[in-house]
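Hi,

Here's the structure I said I'd pass on.

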Amino acid sequence: MNASTATAPGPLQGLKIVEMGQLIAGPFAAKTLGDLGADVIKIEPPEGGDPLRQWRLIKDGTSVWWQVQSRNKRSIALDLRQPEGQAIARELIAQADVLVENFRPGTLEAWGMDYASLASTNPGLILLRISGYGQTGPYRDKPGFGVIGEAMGGLRHLTGEPGRVPVRCGVSIGDTLASLHGVIGILAALHHRQATGRGQVVDVALHEAVFNVMESLLPEYSAFGTVREPAGSALPGIAPSNAYRCQDGQVLVAGNGDSIFKRLMVAIGRPDLAERPDLASNTGRVASVAEIDGAIGHWTGKRTVNEVLAALDAAQVPVGRIYTARDIAEDPHYRARDMILTQRTREGYEVEVPGIVPKLSVTPGGIRSPAPRLGEDTDAVLRELGHTDEQIAALRARGLIR
């Protein structure tokens, strides 16, 4: 589907976001708000802008990742290291609903932008602060990236095969989890502001966002002293749920519901396992997981991926292939749900990008504008603040803006 200018207003239309910070955690939170209709003004350093512009694969001078991360945003190139640049930022923030930043704690304060000062002129301001360890505590001043948050949050220990070096999941999941928790915090704070007129600080630590999705990790240790260990592609304590080899690839099979397990065993020609009393519940299946996995693997190993998918789909057993980028791009379900959109970039070429998540029935959001060039909106934003063309020219001559 072509991602032409969205016509329906998003649910956050009228909300003004100022985004400070760079790379992933803060910008992904602002991108999510922008997809849902908010007006996002991104502040970038005049020299080079956000480093994400040059991360990973580059086309026509700009990262294609940038085209997703910064859609629906306006770019103002402003030197925040200079007092006059900080003063302009405060002008913007005074008119904003939300400020998003992911600097190391203390950076805003060093610029005279502590929350108390900002709220004195904008009491309804909501400030999202994403950092490695949060704004308080003994680790607050340590530098932290998503990968460190994944490790401290408990996720990295569980990834990979038993006895081998843990692996990362392949994307910056720690940053993105922190971003989404930040968006939840912003929406909760907006609801509170409706009742009170007061804003507040939303403090998100990377490791806490990861830790929050670690399911039974801590209570199992607390109750039993059990330290959960890596288990490869299996899901410990829930059976059967694993990856299985086929003649031409692998499939994932989740047969861990009681009735699903019986259908799965019948489908693979093992009605004996389907009727065994000790396998009727998850507890018994976990005790015999090696036997069950062996039976499934023996069956899948004699078949192609497509044969396994067809047989288990017919049996109503959750099953799926392991998707690559090519699989996603060619999948009709992705297309049917507008999860692959064609976006024309500022550089003039078209690129396919992920669609909008979540999907709202009345105010679905959309892509209203492609990712901006560095400083593309500087003049327009400054004019909205009341700066004259002469003042803007003087700021540019001194290198404060681009």
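Below is what turned up, starting with the sheet. Bear in mind that this is a predicted model.

**The sheet**

There's an open sheet of six strands, ordered β5-β2-β1-β6-β7-β8, and the pairing is parallel. At its edges sit β5 (73-77) and β8 (201-205), each of which pairs on one side only. On average, neighbouring strands in this sheet are turned by 20° against each other, ignoring direction.

Zooming in on one pair: β6 (residues 98-101) and β7 (residues 126-131) run parallel and are joined by four bridges. Within that pair, V100 stands opposite L128 in β7.

Helix α3 (residues 83-94) lies across β1 (16-19), β2 (39-44), β5 and β6. Relative to β2, helix α3 runs at about 170°.

**A surface patch**

F211, L218, Y221 and V227 make a nonpolar surface patch of about 400 Å². Of these, Y221 belongs to helix α9 (residues 217-224). Y221 has 47% relative accessibility, so it counts as partly exposed; the exposed class needs over 50%.

**A loop residue**

Is T345 buried or exposed, given its place in the loop between β12 (340-344) and β13 (350-354)? T345 is buried, because its relative accessible area is 4% and the cut-off for buried is under 20%. Setting aside neighbours within four places in sequence, the contacts of T345 are Q67, V351 and P370.

Cheers

Note on methods: Residues are numbered from 1 along each chain as its sequence is written. This is a predicted model: local features need pLDDT of at least 70, side-chain atom pairs count only at pLDDT 80 or more; totals for chains, interfaces and linings use all residues. Side-chain values use heavy atoms; hydrogens and water are left out. Patches are made of residues with over 30% relative accessible area and no salt bridge: like charges are joined within 9 Å, nonpolar side chains (Val, Leu, Ile, Met, Phe, Trp, Tyr) within 5 Å. Accessible areas come from the Shrake-Rupley method with a 1.4 Å probe; for residues, only the protein chains shown count as cover. A salt bridge is a side-chain nitrogen of Lys or Arg within 4 Å of a carboxyl oxygen of Asp or Glu. Helices (H or I, at least four residues) and strands (E, at least two) are DSSP runs, numbered from the N terminus. Buried means under 20% relative accessible area, exposed over 50%, partly exposed in between (1.4 Å probe, protein chains only). Two strands pair if DSSP finds at least two bridges between them. Axes are lines fitted to C-alpha atoms, for helices over the stretch in contact, and angles run from 0 to 180 degrees between N-to-C directions. Contact means heavy atoms within 4.5 Å.
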